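Here's a quick briefing to read alongside the model. Grab your viewer and follow along.

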Amino acid sequence: MARTQLTLAALATSAVPGLDVAYTRKHSAGAHGLFDSALVIDKDGRALIIRVPTSQSAETEQSADLVALRALTIGNRSRLPFDVPEYVGQTPIQGTRAVVYELLAGDSFEADALTGHEGVSGSIGRAIAAIHSLPSAFIGTAGLSQQSAQQCRTDAIDLIDRAANTGYLPAALLRRWEQATDDDALWQFAPAVVHGSMSADSILITDDAVSGILGWSGLAVGDPARDLHWLLAARGDAAELAITAYSTARQGSDTHITQRAMLYAELELARWLLHGVSSHDQSIVDDAVAMLDGLVDTVHSHTQQPLSPETGPIMTVGDVENMLDHMPRAARDYDQHAAMHTDSYDFSGLTADSGSDSDSDSDSGESDDSRSGTIAPDQAASRSSSE
């Protein structure tokens with residue numbers, strides 16, 4: 001049973017000494033999400049979010065998020081053109097812990113809306129580039145994951161092999177993906193600091209610019225293409241501008257990043273298939289198979305645009321968007337959940353099945369109320385009543 005906002009507010013006072021709560025409300029309407037969450041506003045108008053994990057996978061994510069936030073020191077944060085969540089306090093509760101964070105300013109939007117505005121899209125590209133430009137030494141110091149280009153390639157190969165072993169993977173996709181992983185040129189890149197679970201849910205917008213980024217549990221050194229694949233699936237008219245802004249900020253140092261991002265976008269279907277198989281849910285398997293078949297049809301109609309640059313012309317961002325425009329919509333609806341949002345859908349099974357390299361997205365369609373700025377009690381009450 002989901003904890004009430006009053007229970008969560010009481011936990012917040014335990015986690016933050018001296019906290020005098022003036023107003024509280026539920027952070028999400030969902031009762032079966034990864035976290036029980038509430039917005040808490042104190043007598044001085046300070047807005048906080050308290051979150052309690054509802055599953056082991058959520059607790060693991062929360063722990064990883066805390067490690068990442070501690071690693072993002074003042075010096076690291078000063079290099080970023082946006083805000084990062086601030087840890088405030090925690091308190092034990094029934095074998096887990098409630099954690100309190102500062103509420104960041106900004107509003108959240110779906111990927112199509114984010115990439116439908118030129119100013120916002122450009123800001124997103126520059127924000128991601130800023131993350132990838134962070135000096136990587138702090139990742140090792142914090143004990144976070146560090147992958148070489150070859151390890152990133154090996155992870156992709158392993159995922160493809162596991163999908164092929166289910167017997168459901170179409171031969172055309174197996175060949176396509178194997179060509180990409182066999183191409184040495186595609187995997188000649190410098191690993192960078194990556195957010196690791198970037199999606200539209202991670203991004204807060206204020207005045208047509210990125211004001212905050214949430215969900216840092218995947219912070220690591222790895223393939224920067226992993227933070228871009230969700231942009232290729234977005235259908236906003238300015239999606240290409242985000243990639244262009246990113247490449248400009250990074251000075252085009254990774255010539256094949258779009259191809260790898262496209263591969264990761266397609267491999268999301270393989271992860272969905274593996275989740276269905278491992279959870280013995282035939283409806284998910286059937287859904288994944290239908291989406292894989294739809295991707296085969298798209299690939300066959302774009303045979304001149306392979307993933308591997310050695311086997312044919314390199315796909316432009318416009319080519320990628322055109323191809324994804326023909327991909328079944330459901331394939332794009334389960335990106336990795338951001339660590340600071342709560343939904344009514346429980347992703348714990350998909351996260352566990354996918355392994356350390358998986359990214360799964362919510363299709364619940366709920367937006368997280370924590371993604372707005374500091375709210376006065378009367379404003380919060382107004383928003384609460386309108387939901």
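The axes of H8 and H11 come within 12 Å of each other and cross at roughly 135°, which makes H8 oblique to H11. This is a predicted model, in which local features need pLDDT of at least 70 and side-chain atom pairs count only at pLDDT 80 or more, while totals for chains, interfaces and linings use all residues. Residues are numbered from 1 along each chain as its sequence is written, and side-chain values use heavy atoms, with hydrogens and water left out.

**Helices and how they cross**

- A word on labels: helices (H or I, at least four residues) and strands (E, at least two) are DSSP runs, numbered from the N terminus.
- Axes are lines fitted to C-alpha atoms, for helices over the stretch in contact, and angles run from 0 to 180 degrees between N-to-C directions.
- Angles under 35 degrees count as roughly parallel, over 145 as roughly antiparallel, 65 to 115 as roughly perpendicular and the rest as oblique.
- The H8 and H11 crossing is left-handed, meaning that the near helix is turned anticlockwise from the far one by less than a right angle (clockwise would be right-handed).
- H8 also packs against H12, at about 65° and with the axes 9 Å apart, so H8 is roughly perpendicular to H12.
- That H8 and H12 crossing is left-handed too.

**Helix H12**

- H12 covers residues 282–300, and its 19 residues should span 27 Å at 1.5 Å a residue; the end C-alpha atoms are 27 Å apart, which agrees. The expected span is 1.5 Å times one less than the number of residues.
- Buried residues of H12 include Ile284, Val285, Ala288, Met291, Leu292 and Leu295. Buried means under 20% relative accessible area, exposed over 50%, and partly exposed in between (1.4 Å probe, protein chains only).
- An α-helix has 3.6 residues a turn, so residues three or four places apart point the same way.

**Aromatic pairs**

- Rings of Phe, Tyr and Trp (its six-membered ring) pair if their centres lie within 6.5 Å; planes under 30 degrees apart count as stacked, over 60 as edge-to-face and the rest as tilted.
- By this rule there are 2 aromatic pairs.
- Phenylalanine 82 and tryptophan 216 are stacked, because their ring centres are 6.4 Å apart and their planes sit at 20°.
- Phenylalanine 82 is in the loop between H3 and S4 and tryptophan 216 in the loop between S8 and S9, so this pair ties together parts that are 134 residues apart in sequence.
- Both count as buried: phenylalanine 82 at 6% relative accessibility and tryptophan 216 at 0%.
- Tryptophan 187 and tyrosine 264 make an edge-to-face pair, 6.5 Å centre to centre with 80° between the planes.
- Tryptophan 187 lies in the loop between H8 and S6 and tyrosine 264 in H11, so that pair links parts 77 residues apart in sequence.
- Tryptophan 187 is buried at 3% relative accessibility, and tyrosine 264 is buried with 3% as well.

**Charges over rings**

- The charged end of arginine 226 sits over the ring of tyrosine 264, 4.9 Å from its centre. The rule is NZ of Lys or CZ of Arg within 6 Å of the ring centre and within 35 degrees of the ring normal.
- Arginine 260 has its charged end over the ring of phenylalanine 189, 4.0 Å from the centre.

**Positive phi in loops**

- Most residues other than glycine have a negative phi, and most peptide bonds are trans.
- Glutamine 94, in the loop between S4 and S5, has a positive phi near 50° and is exposed at 69%.
- Aspartate 207, in the loop between S7 and S8, has a positive phi of about 55° and is exposed at 74%.
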